[in-house]
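Take a walk through the model below.

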Amino acid sequence: MIVQLLKKKRFLISFLFLSALLLLSIGNTLINDGEIQQIRYVKDSDGGVKHAPPYAPLEVFLLGSDRFGFDLLHMIVEGAKYTIGMTILIALLRMICSLIFSYFICSMKPFFFKLIKTLSEPFSVVPQTIFAFFLLHSVLWMPPEGFQSTMFERVAFHTAVLVLIAVPSLSMQLSGEIRMTLDESFIEASKTLGGRKSHLFMKHIIPVLYERWMLLFGQQLIQVLLLLAHLGVFKLFFGGTVVSYGMGGDPPRTFSYEWSGMIGDSLGYLYVQQWIALVPISFFAVTAICFSLMNDALKEVIFNGDPKRAPDTSAEVTPASKSGSGPFHFIQ
């Protein structure tokens with residue numbers, strides 16, 4: 001499968017682009033300790049100020065600078081490990097946790113299965129952004145006396161919330177897939193021969209469903225990116241939102257250079273120095289497109305280019321789809 005994927009140009013280009021950003025970001029942290037290049041003023045030969053930040057693209061830096069004179073491209077590279085890395089980590093943890101829960105849910109009696117399904121329905125109907133906003137605001141928004149928690153604690157809490165709010169609905173979706181597979185004739189034959197639940201899961205369920213789970217993982221990557229973007233617009237930045245209190249204070253800003261935080265930090269400049277907002281928005285959009293292209297290539301490889309066999313990963317959850325009748329529906 002890997003060889004087939006690498007033959008797909010859209011997968012290869014997307015993978016190389018994301019990998020290059022991750023490696024450059026990690027390298028910048030190791031070599032420069034995460035320091036961002038900054039030029040406060042550009043002076044002429046007489047010592048006078050020729051240019052002052054923010055610098056337009058190609059004026060001093062390739063993609064321009066922010067209002068403090070920091071190189072935007074350098075900031076993008078530094079924040080890539082948070083945006084891309086944490087997106088992959090959160091999506092992976094969502095899948096692992098949901099698979100563990102679905103393993104136990106799928107074998108429950110019908111009464112308990114319906115009860116858990118009823119309790120999980122609010123997580124499928126209510127947008128995850130609402131849950132995340134109310135759970136994260138008190139932790140990520142800096143109080144007047146400053147943060148009382150470390151950045152690691154805030155990042156861990158942020159990650160845990162983004163994982164757990166998706167687990168109930170995702171677990172029900174996965175358990176529905178497993179229950180449908182358990183009704184197959186080869187499963188009944190294995191049970192007759194004395195196969196235990198763990199044996200059925202490892203030897204039969206996983207080989208049948210792992211390809212669909214890979215597609216669902218790609219779907220979760222895009223969903224996590226969208227969730228981070230929504231929280232950025234609401235000024236809840238990854239690792240915490242730095243707030244200046246008092247008269248004439250600066251607007252809320254991020255100090256992790258995570259892209260959704262850079263977007264939320266710079267939205268006010270869309271009508272004056274547009275590049276400050278458009279640069280992180282562009283990289284964020286290109287990253288989402290890369291994840292989508294990789295998932296599309298994976299779908300084509302798994303289902304041999306037959307769109308009729310491929311599950312619909314573009315539809316959002318509807319009342320009709322929450323019953324688990326369809327193999328894949330987008331959980332918002």
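Start at W259. Beyond the residues up to four places away in sequence, W259 touches L21, I76, G79, A80, T83, I84, P280, F283, F284 and T287. Contact here means heavy atoms within 4.5 Å.

A word on the source. This is a predicted model, in which local features need pLDDT of at least 70 and side-chain atom pairs count only at pLDDT 80 or more, while totals for chains, interfaces and linings use all residues. Residues are numbered from 1 along each chain as its sequence is written, and side-chain values use heavy atoms, with hydrogens and water left out.

Now widen the view. W259 is one of the residues with the most contacts inside the largest nonpolar core, together with I84, A132, L136 and L162. That core has 47 residues. A nonpolar core is a set of buried Ala, Val, Leu, Ile, Met, Phe, Trp, Tyr and Cys residues joined through side-chain atoms within 4.5 Å. Buried means under 20% relative accessible area, exposed means over 50%, and partly exposed lies in between (1.4 Å probe, protein chains only). Elements giving two or more residues to this core are α2 (9-32), α3, α5 (128-140), α6 (151-164), α9 (197-233), α10 (259-266) and α11 (275-302). Helices are DSSP runs of H or I, at least four residues, numbered from the N terminus. The largest share, twelve residues, comes from α11. Apart from this core lies another, of 13 residues, among them M95, L99, L182 and W213.

Next, a helix pair. The axes of α3 (residues 72-105) and α7 (residues 167-182) come within 8 Å and cross at roughly 55°. Axes are lines fitted to C-alpha atoms, for helices over the stretch in contact, and angles run from 0 to 180 degrees between N-to-C directions. The angle makes α3 oblique to α7. Oblique is what remains after roughly parallel (under 35 degrees), roughly antiparallel (over 145) and roughly perpendicular (65 to 115). On the α3 side, the contact includes R94, M95 and L99. On the α7 side, it includes L170, L174 and R179.

I302 lies in helix α11. Its relative accessible area is 7%, so I302 is buried. D265 lies in helix α10. D265 is buried too, with a relative accessible area of 14%. Leaving aside neighbours within four places in sequence, D265 is in contact with R67, K235, F237, P252, R253 and T254.
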